[in-house]
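Trainee: Could you show me how to read a protein model? I'd like to go feature by feature.

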Amino acid sequence: FFFFAFSEFSSKILCDTARISRTYSIHKLAQIAYKSMRVLAPIFLALSTACVASSFTLPSTSFIRGNSVTTTKFASSSSALCMKTIAVIGASGLTAQECVYQALKDGDKVVGLTRNPSKLVIPKGSGGSKADQPFDDPNLTCIAGSVTNPADVAKVFENDIDGVIIALGGKTSDVGDTMLTDGTVNIINAMKEKGVKRLAVVTSIGAGDSKDQAPFFFKILMATAMKKIFNDKNNQEKAVEASGLDYCIVRPGGLTVDAPTGVINVIDGEAGSISRADVATFCLDAITVDDFPYIGKTPCISSVGGTSWVKDRSKAARGETEM
């Protein structure tokens with residue numbers, strides 16, 4: 001009883017302290033510590049009652065999500081009970097691939113929707129030596145279809161979905177001027193019909209009220225070459241904000257395909273760069289962490305801050321091979 005009470009008390013203090021900080025990674029550490037203690041305390045209580053503590057070993061392995069936080073995942077039935085089914089919309093995109101890969105590595109099930117299933121491969125950032133290889137995981141279901149087609153979207157929700165990540169992309173010349181908004185509205189409608197509440201949507205720095213957080217040259221692009229896509233992003237965000245769902249609109253800085261750093265800063269000032277792997281970690285937490293601190297908010301995130309950031313426009317940043 002003493003151990004249980006102490007764990008409850010100390011973990012709550014840790015969470016309350018973390019809420020004072022604006023740094024996401026510290027808050028996340030507190031959340032995981034709190035949940036871990038809630039799992040561990042009853043286990044130790046049961047062990048002491050049964051008087052077999054000296055001969056019992058917990059079957060566990062360590063894992064790291066985004067290289068930032070180390071915790072313990074319990075084997076067999078505990079993992080099965082915690083398993084979630086996550087829908088990733090636009091699953092073959094570079095950020096979405098990271099979401100798929102990391103969710104599967106965490107033991108969750110994934111249902112992906114993409115126009116190009118053949119392009120859904122293991123990502124460069126987190127995949128290491130397995131990068132660019134096709135997925136071979138029984139917990140992955142890939143549906144070929146378009147987010148703008150309600151019938152295709154409905155196929156995703158034939159599964160019992162716990163949370164949704166929308167990570168759509170593409171040039172307006174290829175996908176149309178309103179694909180982001182139209183597709184997101186279809187997803188929202190399907191979520192409401194099925195009673196799914198958690199939603200993370202990847203947009204961009206500069207969208208909505210974050211225009212002043214974009215670097216100067218990027219603002220010029222937003223008003224010229226990227227005007228159509230940002231009109232669509234802005235309307236997409238408005239649809240999400242009006243949805244009534246438990247949403248988090250994620251606005252990352254300059255995206256790279258680097259390995260995860262584990263550094264995810266929620267910022268008020270000008271954005272720096274961030275790896276797609278770190279963005280995926282943030283999105284997954286937005287739909288799986290019960291007390292995620294940015295529900296109903298539009299956080300701008302980056303790993304590298306400062307005005308010296310220059311967007312990487314190389315083919316490598318887009319996952320292509322340099323010639």
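Mentor: Let's start with the sheet, then move to helices, cores and salt bridges.

Mentor: First, some ground rules: this is a predicted model, where local features need pLDDT of at least 70 and side-chain atom pairs count only at pLDDT 80 or more, while totals for chains, interfaces and linings use all residues. Residues are numbered from 1 along each chain as its sequence is written, and side-chain values use heavy atoms, leaving out hydrogens and water.

Trainee: In what order do the strands of the open sheet come?

Mentor: Strands (E, at least two residues) and helices (H or I, at least four) are DSSP runs numbered from the N terminus, and two strands pair if DSSP finds at least two bridges between them. Here eight strands make an open sheet with mixed pairing, in the order 5-4-3-6-7-8-12-10. Strand 5 (140-144) and strand 10 (265-267) are at the edges with a single partner strand each, so one side of each has no neighbour in the sheet.

Trainee: Which strand does strand 3 run parallel to, and how many bridges join them?

Mentor: Strand 3 (residues 85-89) runs parallel to strand 4 (residues 109-114), and five bridges join the two. Look at I89: its bridge partner in strand 4 is L113.

Trainee: Which strands does helix 11 lie across?

Mentor: Contact means heavy atoms within 4.5 Å. Axes are lines fitted to C-alpha atoms, for helices over the stretch in contact, and angles run from 0 to 180 degrees between N-to-C directions. Helix 11 (residues 276-288) lies across strand 3, strand 6, strand 7 (198-202), strand 8 (246-252), strand 10 and strand 12 (300-302), at about 160° to strand 7. Helix 4 (residues 94-105) lies across strands including strand 3, to which it runs at about 165°.

Trainee: Which residues have the most contacts inside the largest nonpolar core?

Mentor: A nonpolar core is a set of buried Ala, Val, Leu, Ile, Met, Phe, Trp, Tyr and Cys residues joined through side-chain atoms within 4.5 Å. The largest one has 36 residues, and F157, V164, I187 and L199 have the most contacts inside it. Helix 8 (residues 179-194) gives the largest share of this core, six residues. Leaving aside residues up to four places away in sequence, I187 touches I89, V147, V153, F157, V164 and I166. A second, separate core has 35 residues, including V88 and Y101.

Trainee: How many salt bridges does the structure hold?

Mentor: Side chains of opposite charge can pair when their charged atoms come close. A salt bridge needs a side-chain nitrogen of Lys or Arg within 4 Å of a carboxyl oxygen of Asp or Glu, and the structure holds five. One of them joins D152 and K155 (3.7 Å, N to O); both lie in helix 6 (residues 150-156), three residues apart, about one turn of the helix.

Trainee: Where in the chain do D209 and R251 lie?

Mentor: D209 and R251 form a salt bridge, with their closest N and O atoms 2.6 Å apart. D209 is in the loop between strand 7 and helix 9 (216-223), R251 is in strand 8, and 42 residues separate them. D209 is exposed at 66% relative accessible area, whereas R251 is buried at 2%. Salt bridges with shared partners join D209, E237 and R251 into one network.

Technical notes
Buried means under 20% relative accessible area, exposed over 50%, partly exposed in between (1.4 Å probe, protein chains only).
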